Amino acid sequence: MALLSAKKLSVSYEHDSSTKNIFSSLDLSLQEGEIVDLQGPSGAGKSTLLKALALLHAIDSGDICLESKSYKNFTPQTWRKHVSMSLQKASLIEGTVEENLRYPFSLAVRKCEDAPSQEEMRKLLDSLALEDVELEREASQLSGGQSSRVALARNILTHPKVYLLDEVDAALDSDSAHALWNVIEQEVQKGSAVLRIRHHEDDGRASRKLMLQDKILKEV
């Protein structure tokens, strides 16, 4: 059983009073414990596919299932609790790093969950090569690379089943990127799955590679 699957997925967008199809009848599956690279030329729809899987972009037709259960049986908030998307350009709230890391646990969808301790947050930041970022630092004072890792740390602390990662290492040096992917691999080993877009050299971590081109998704 696939952890996440898409069947006959079609997505479009409105442009200049007309509808442009991005892809149609797309099939995809992610298995527990795997990292999958999503490749393709610029404008092929890779980011849109990730957004559709996270229910952040409207779906024209088809179905997306989490452990064989259709997204139609979830609220968007509950779906995103299990299927988490991280972007290259981080979206952080006003406040400190700690307030950002605690933020998901202030939402109604996680009202029964305990927020991570300062020790857990500190340990995760250190593992992401953010040893020099204090929990009390204002998020507005972070660099682009630091912000992207803090935003990713926020998602990791919620332990989603599926990580959708859109160029999260684009602003990182090789050592920081290596630390980031080490942490993600540890999460995968716990039973999650990763679909990622990246434009750096192959790091050998992906178990499969998919190519989205000319509205067709295929394994390469």
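Predicted model: local features only at pLDDT ≥ 70, side-chain atom pairs only at ≥ 80, totals over all residues.
**R198**

I find R198 in the loop between β8 and β9. Is R198 buried or exposed? R198 comes out at a relative accessible area of 13%, and I note it as buried because the cut-off is under 20%.

Next I looked up what R198 touches. Leaving aside residues up to four places away in sequence, I get D37, E167, D169, W181 and D203. For polar partners, I looked at the side chain first: it makes a polar contact with the side chain of D169 at 3.1 Å.

**R198 and D169**

I checked the charged pair separately. R198 and D169 form a salt bridge, with 3.1 Å between the closest N and O atoms.

**R196 and D203**

I then went to R196. Its salt-bridge partner is D203, and the closest N and O atoms are 2.7 Å apart. R196 has 0% relative accessibility and counts as buried, whereas D203 is partly exposed at 27%. Which residues does the network take in? Salt bridges with shared partners join D37, D169, E185, R196, R198, D203 and R205 into one network. I note that R198 and D169 are both in that list, along with R196 and D203.

**R122 and D126**

For the whole structure, my search gives 16 salt bridges. On accessibility, I have D126 as partly exposed at 30% and R122 as partly exposed at 23%.

**The sheet**

Back to the strands. I traced an open sheet of 6 strands in the order β6-β7-β8-β3-β9-β10, and the pairing is mixed. Which are the edge strands? I have β6 (83-87) and β10 (216-219), each of which pairs on one side only. Ignoring direction, neighbouring strands of this sheet are turned by 20 degrees against each other on average.

Parallel or antiparallel? The two strands pair in the parallel sense, over 5 bridges. In residue terms, I noted V162 standing opposite A193 in β8.

**Helix α5**

Last entry: what does helix α5 lie across? I find that α5 (residues 144-156) lies across β6 and β7. Its direction is about 175 degrees to that of β6.

Conventions. Residues numbered from 1 in each chain as written. Heavy atoms only, no water. Salt bridge = Lys/Arg side-chain N within 4 Å of Asp/Glu carboxyl O. Buried < 20%, exposed > 50% of the residue type's maximum accessible area, 1.4 Å probe, protein only. Pairing = 2+ DSSP bridges. Helix = DSSP H or I, 4+ residues; strand = E, 2+ residues; numbered from the N terminus. Axes fitted to C-alpha atoms, helices over the stretch in contact; angles between N-to-C directions. Contact = heavy atoms within 4.5 Å. Polar contact = N/O pair within 3.5 Å; in protein donor to acceptor, adjacent residues only side chain to side chain.
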